[in-house]
Amino acid sequence: MSSSSITAIHPAAFLLVGIPGLEHLHVWISIPFCFAYTLALLGNCTLLFIIRADAALHEPMYLFLAMLAAIDLVLSSTTLPKMLAIFWFRDCEINFYACLVQMFFLHSFSIMESAVLLAMAFDRYVAICKPLHYTTILTRPLIIKIGMVTVTRAVTLMTPLPFLLRRFHYCRGPVIAHCYCEHTAVVRLACGDTRFNNIYGIAVAMFIVVLDLLFVILSYIFILRAVLQLASQEARYKAFGTCVSHIGAILSTYTPVVISSVMHRVARRAAPHVHILLAIFYLLFPPMVNPLIYGVKTKQIRDHVLSLFQRKKV
């Protein structure tokens, strides 16, 4: 196929406008985004370093936490550097294939994050409901298999999207009214029958969010039942206290998703920048907050961080 024929099918590049309607505030908006991204990088890199360096933390709970930190790093780094380039340097152009790659990584790692949160719920279920069998159930081979299934599920579900988008003719222009290449925003520019893309995108999102969240809730029903059966109040408090960090991570991840979903249905006539800011909040908030949640609530990690600071002072 000739290069002219390929160009006729899709543009060589898209233009990301940033936040429509707030272009004059891009520089000011970039300040909290840059701060949040810096916290996400520092927090998640610190978690990975501590878990890797301390052999005592090579347990299932912390291995899943390391997976979550790695996913959060990739998830935020997929979009924020380009977003800041738009805000600071007005570097709005993104290559067509780079756009598809960004979209693939963005949606794939969002699915992986949901799966890891589910795996962490399973870890807490086994630790509280079957404590005597914890080490025999959550073995290293099983954790590796869970990691492989997490990646395989996300890649399998998202691989069709770039190929489906590549076949469209983009007659509505190359301008994407967004900060990054999100599936729905790209589909809006395509001509032809895009119903399958729309249905597939919604079906995958609903399947992942509803199914994973359902199993997480089910795990916590069993956990709560097991905790309430403990004899002393102190034992109940201690057992459920091990779940606080995970519950915080679930809330930080799913709350923005639910808010964004409700806003899309309740406030359809809201300005586009409202929905885009919510979408950015979903990308930035969990990677920034999760390391703080686990750093504050997990004694082993907190002690390790404090020891690092004490060494620097000495």
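Helices and strands here are DSSP runs, numbered from the N terminus, with at least four residues of type H or I for a helix and at least two of type E for a strand. Keep in mind that this is a predicted model, in which local features need pLDDT of at least 70 and side-chain atom pairs count only at pLDDT 80 or more, while totals for chains, interfaces and linings use all residues. Residues are numbered from 1 along each chain as its sequence is written, and side-chain values use heavy atoms, with hydrogens and water left out.

On a 1 Å grid over the protein atoms alone, a cavity is a set of points where a 1.4 Å probe fits but cannot get out, whereas a pocket is an open set with protein on both sides within 12 Å along at least five of seven lines; lining residues have an atom within 4 Å of a point. Grid points are joined across faces, edges and corners, and a volume is the space filled by probe spheres set on the points.

The structure holds one cavity of 30 Å³ or more, and the largest cavity contains about 60 Å³ of space. Its lining includes Met61, Phe64, Asp123, Arg124 and His246. H4 gives the largest share of this lining, three residues. Four of the lining residues are nonpolar, three polar and two charged. In this count Ala, Val, Leu, Ile, Met, Phe, Trp, Tyr, Cys and Pro are nonpolar, Asp, Glu, Lys and Arg are charged, and the others, Gly among them, are polar.

Next comes the second largest pocket, with about 500 Å³ of space. Of its 19 lining residues, Met61, Arg124, Lys238, Gly241 and Thr242 lie nearest its centre. The elements giving two or more residues to this lining are H3, H4, helix H10 (233-241), H11 and helix H13 (299-313). The largest share, four residues, comes from H10.

Now look for the sheet. It is open, with three strands in the order S2-S1-S3 and mixed pairing. S2 and S3 stand at the edges with a single partner strand each, so one side of each has no neighbour in the sheet. Two strands pair if DSSP finds at least two bridges between them. Strand S1 (residues 13-16) runs antiparallel to strand S2 (residues 93-95) over three bridges, with Phe14 opposite Ile94 and Leu15 bridged to Glu93. With strand S3 (residues 175-176), S1 pairs in the parallel sense over two bridges, and Leu16 stands opposite Ile176.

Finally, follow helix H12 (residues 272-297). Its 26 residues reach 37 Å from first C-alpha to last, close to the 38 Å expected at 1.5 Å a residue; the expected span is 1.5 Å times one less than the number of residues. Where does H12 kink? A kink of about 30 degrees lies at Phe285, shortly before the proline Pro286. The bend at a residue is the angle between axes fitted to the seven residues ending there and the seven starting there.
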